[in-house]
Amino acid sequence: MPENRVRVLVGTRKGTYIVESDRRRRGWKVHPVAHAGWDVFHVTADPRAPGTLYAAVNSGFWGPIAYRSTDWGKKWKEIGTPLTPTKKERPSPFDRGDSPSPPRPVVNLWHFAAGHASEPKTLFVGVDPHMLFRSDDRGDSWQPVAGINEHPTKKQWNPGFGGPCLHTILIDPRDPRRMYVGISAAGTFRSDDAGEHFRPVNQRVHAPFLPQPYPEVGQCVHHVTLDPADPDTAYRQDHGGMYVNRHGMEGNWQRIGKVAGAPKDDFGFCVASAPQAPGRAFFVPLTGMARTTPSGGLQVWEWSEKSRRWRTLMSPKRFPGDFGVQREGISADALDPAGIYVGTTTGQLVVSPDTGRTWQLVPYQFPAIHSVEAVA
Amino acid sequence: MVVVRLDAMLKAFTSRSRFDSEAPTVQALLEELEREAPRLRFKLRDETGALRRYVRVFVDGEDVSQSAGLGRSLVGVRTVDILHSIAGG
């Protein structure tokens with residue numbers, strides 16, 4: 001496969017799409033749908049094995065099914081699907097949390113994440129209900145990660161509107177033992193021992209729906225990304241606003257969604273960063289009540305760590321309408337200039353090949369888009 | 001001996017659409033089916049053993065999915081149909 005390809009992996013309400021272009025990112029080819037008819041919450045590429053993809057498929061008939069492709073999505077193979085441990089398999093502390101007995105089955109697969117570069121067969125998946133699984137054989141088998149699945153704060157966790165899901169998994173590229181997870185509605189957690197133990201890292205993140213405004217856990221985090229140039233810096237889109245943390249999620253998060261010049265609404269679901277745009281994060285603000293884009297059009301905003309200021313990358317007049325964008329709905333590629341990709345719940349895929357200077361609509365009407373991931 | 005009939009959706013997992021079984025209960029019948037077609041494991045039932053939402057099991061025409069369920073005896077039964085509800089959109 002030529003190296004000059006750019007691919008966008010699109011998970012939709014009705015299947016998986018691979019959308020392809022060259023490095024100019026001006027014309028796009030949409031390959032035939034895979035997993036047709038099924039909800040695909042996330043499709044991800046394994047950067048350690050070019051061409052290897054994983055899809056989190058959630059079938060109304062068959063339940064959750066994990067798939068792997070090794071040829072950029074031409075063929076897919078069903079692999080192991082994680083299962084809630086049986087009562088016999090669970091240590092007793094498991095039941096102090098929100099897992100009823102008999103346990104709730106795995107309802108949906110939410111998010112795949114490749115492990116650290118030094119662990120080429122390691123893969124993680126976050127699921128509903130509130131669980132993380134690890135595989136060391138590229139998804140053929142799975143083990144529950146007790147450090148988060150049996151966390152002592154679990155009784156204080158609640159489901160978000162999308163269910164009790166673990167939807168964000170971040171591995172520190174400098175250290176395979178440091179990882180972060182994001183859970184709705186429990187917040188973010190950090191591990192420094194490869195998942196043996198996790199601690200909550202939600203300081204000064206507002207939980208407007210709880211009696212205590214700044215609890216240790218209970219925040220409804222929507223998505224988090226690490227700055228590729230400085231993995232100690234994390235950008236967070238939370239139910240309670242847009243935040244940055246510059247210390248590996250330790251200490252206070254700063255609510256950048258309330259600084260002067262910020263978007264009028266700092267609600268939203270998604271956030272992305274790009275290797276070729278260090279110190280910058282891309283958000284899609286939504287209105288808190290309708291969960292659609294404000295001001296009559298799609299918008300993308302950029303936060304700069306260097307200037308500590310906001311700027312809008314897209315006028316709402318460019319794509320007028322009321323759009324929804326979900327937690328995996330924005331992605332950036334690794335090219336220079338960075339490309340930005342936004343998928344909407346009404347099936348539009350919008351692309352900027354020049355970090356927000358210009359935008360184009362991929363001329364294809366997709367089903368409702370759950371996730372986009374750019375690979376280049 | 002019970003005659004088991006499978007709906008068209010199950011053809012993705014097993015070549016048989018109709019077969020005879022000596023299984024004494026619905027649960028034993030499903031286990032037999034899952035042994036023969038391992039890819040069906042956790043597709044008709046989740047890991048707690050419960051039937052998935054849109055799976056319906058009819059014993060001599062009676063839907064037992066919500067009532068007697070998997071423990072329903074198949075002694076003296078003539079047919080079992082395993083179907084999926086019409087759903088989607």
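In what order do the strands of the open sheet of four strands in chain A lie? Residues are numbered from 1 along each chain as its sequence is written, while chains are lettered from A and ligands numbered from 1 in the order in which they are written.

**View 1. The four-stranded sheet of chain A.** The order is 8-9-10-11, in an open sheet with antiparallel pairing. Strands here are DSSP runs (E, at least two residues), numbered from the N terminus, and two of them pair if DSSP finds at least two bridges between them. Strand 8 (108-114) and strand 11 (143-144) of chain A are the edge strands, each pairing on one side only. At one end of the sheet, two bridges link strand 10 (residues 131-135) of chain A to strand 11 of chain A, and A:Arg134 faces A:Gln143 in strand 11.

View 2. Six bridges tie strand 8 of chain A to strand 9 of chain A, with A:Ala113 opposite A:Phe124. Five bridges connect strand 9 of chain A with strand 10 of chain A, and A:Gly126 has A:Leu132 as its bridge partner. Strands 9 and 10 of chain A make a hairpin with two residues between them, where A:His130 in the turn has a positive phi of about 40°.

**View 3. A stretch of chain A to treat with care.** Chain A averages a pLDDT of 95, and 95% of its residues score at least 70. Over residues 95-101 of chain A, however, the pLDDT is below 50. Where pLDDT is low, the predicted coordinates should not be read in detail.

**View 4. The five-stranded sheet of chain B.** Which order do these five strands take? They lie as 2-1-5-3-4 in an open sheet with mixed pairing. Its edge strands are strand 2 (18-21) and strand 4 (62-63) of chain B. Strand 3 (residues 55-59) and strand 5 (residues 79-84) of chain B run antiparallel and share five bridges; B:Phe58 sits opposite B:Asp81 in strand 5.

**View 5. The helix of chain B.** Chain B has one helix (a DSSP run of H or I, at least four residues) and five strands. The buried residues of helix 1 (residues 26-36) of chain B are B:Val26, B:Leu29, B:Leu30 and B:Leu33. Seen down the helix axis, these buried residues fall within an arc of 100° (of the directions from the axis to the C-beta atoms), so they line one face of the helix. Among the elements covering them are strand 1 (2-6), strand 2, strand 3 and strand 5 of chain B.

**View 6. Where the chains meet.** Chain B brings 11 residues to the contact and chain A brings 10 residues, two residues being in contact if their C-beta atoms, placed from the backbone, lie within 7 Å.

Notes: Predicted model: local features only at pLDDT ≥ 70, side-chain atom pairs only at ≥ 80, totals over all residues. pLDDT = per-residue confidence, 0-100. Buried ≥ 20, exposed ≤ 12 C-beta atoms within 10 Å, placed from the backbone.
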